[in-house]
Amino acid sequence: MKNGLIWFCRIAVGLLFIFSGLIKANDPLGFSYKLVEYFEVFHITFLNDLALTTAILLCALEMILGFALLIGVRPVKVAWGLLLLIIFFGFLTFYSAFFKVVQTCGCFGDAIPLTPWQSFSKDMVLLVLVAVLFVNRTKIKPLFSAKAGDKWLIGAAVVAIGFGLYTYNFMPVVDFLPYKIGANIPDEMKTPPGAPLDVFELTYHLKNKKTGETKVMNDKIYLSSNIWKDANWEVIGDPENKLIKKGFEPKIRDLAIQDAQRNDYTKELLASPYYSLIIVAYDLDKTNGEAINRLNALAINAVENYNIRTILLTSNSAASAQAFAKAHKLVSEIFYADGVPLKTMIRSNPGVILLKNGIIINKWHYHSVPKYDDLAKTYFQHQ
């Protein structure tokens, strides 16, 4: 029976760690953005430049430990690693939940968004399972010889790190973001008629002028009890407004595209019935200059031969963007948006989105943008 419990914990923990690491490794750049949030919370922003490397290695470590547990290689060291890692994750999720700092921990990336308390609960369940394995770490039986097990472990490490490097350089294998291929951006920005709205509750702090008695009650009780008519009771401070039920929230709610004079062009650009090439570079100071030059050459051909509208979308200041455009002799129109939606649009700096009628027809990392002839043959000749 004890052996069965060990195997249950071994399989459950191993698969969960592999799944968690794999989901995050599918989008290491997105996970690195989450790590930067934690670095800011703990005032260790000097680590920001290491966020991406940390993200790839941390995802790989989860997958490696999970795989090692399943095949039983180096069980004592693996048990220690799992215990320390789950304690670390538990601390982060508790801190996020209790102090309300990072409101989505990124435990399962964007595939399964969890609240901090949900993440903490998940970590505590895992902690119990890992504790069982840790106590019985010497009883974890390997499936292979020590030499064969080490070879499997090395292979797993190569695959785990390689997967993170691949998805960083060529974008996520599965896109869980709202700007995925096929998404209709205007539809994703709408709130349908009759959709439930946020429900708030007001809390009043009252004090009796004569007796000094205090009461705390919500707005419904405050009104129904008619205590507000009693001149002996006074409200202390401002009522607290608390969200008690979240209403419908559009998948895209923070996209606003403007020109240098802050005129809004969001509707115009999304309503165009023709192909538009959107070059997204959320930070021109960190964008790949060689890639920009290649994309500019592509844009020149697209404009001259098919009159394709090409746009550079960035979060930089107008002065910075204009200087960048002049230095690279860009032919694209320049528009501006907040960095958060731009990072969500495409995990590449720069990246390319092909848009038509507000629908994302395709998108590419700058490493995988098709040649102009292929784009023309596949898309431009048929618009």
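Student: How many cavities of 30 Å³ or more does the structure hold?
Tutor: This is a predicted model: local features need pLDDT of at least 70, side-chain atom pairs count only at pLDDT 80 or more, and totals for chains, interfaces and linings use all residues. Residues are numbered from 1 along each chain as its sequence is written, and side-chain values use heavy atoms, with hydrogens and water left out. On a 1 Å grid over the protein atoms alone, a cavity is a set of points where a 1.4 Å probe fits but cannot get out. Cavities of 30 Å³ or more number four.

Student: What is the volume of the largest cavity?
Tutor: Grid points are joined across faces, edges and corners, and a volume is the space filled by probe spheres set on the points. For the largest cavity that gives about 110 Å³.

Student: Which class of residue lines the largest cavity?
Tutor: Lining residues have an atom within 4 Å of a point. Among them here are Ile185, Leu255, Ile278, Met345 and Leu355. Ala, Val, Leu, Ile, Met, Phe, Trp, Tyr, Cys and Pro count as nonpolar, Asp, Glu, Lys and Arg as charged, and the others, Gly among them, as polar. The lining has no polar and no charged residues, but 11 that are nonpolar.

Student: Which helix and strands each supply at least two residues of that lining?
Tutor: Helices (H or I, at least four residues) and strands (E, at least two) are DSSP runs, numbered from the N terminus. For the largest cavity, the elements are helix H9 (266-271), strand E6 (309-314) and strand E8 (351-356).

Student: What is the order of strands in the open sheet?
Tutor: Two strands pair if DSSP finds at least two bridges between them. The sheet has five strands with mixed pairing. Strand E7 (333-336) and strand E9 (359-365) each have a single partner, so one side of each lacks a neighbour in the sheet. The order is E7-E6-E5-E8-E9.

Student: Which residues stand opposite serine 276 in E6 and E8?
Tutor: Strand E5 (residues 276-280) pairs with E8 in the antiparallel sense over five bridges. E5 and E6 run parallel, also joined by five bridges. In E6 the residue opposite serine 276 is arginine 309, and in E8 its bridge partner is leucine 355.

Student: Is E5 buried or exposed?
Tutor: Buried means under 20% relative accessible area, exposed over 50%, partly exposed in between (1.4 Å probe, protein chains only). Ser276, Ile278 and Val280 point one way from E5, and Leu277 and Ile279 the other way. Five of the five residues fall under the cut-off, so E5 is largely enclosed by the rest of the structure: buried.

Student: Which strands does helix H10 lie across?
Tutor: H10 covers residues 289-306 and runs at about 165 degrees to E5. Axes are lines fitted to C-alpha atoms, for helices over the stretch in contact (heavy atoms within 4.5 Å), and angles run from 0 to 180 degrees between N-to-C directions. The strands under H10 are E5, E6 and E8.

Student: Which helix gives the most to the lining of the second largest pocket?
Tutor: A pocket is an open set with protein on both sides within 12 Å along at least five of seven lines. This one holds about 340 Å³ of space. Its lining has 24 residues, with Phe31, Leu58, Phe88, Phe89 and Leu92 nearest its centre. With five residues, the helix that gives the most is H4.
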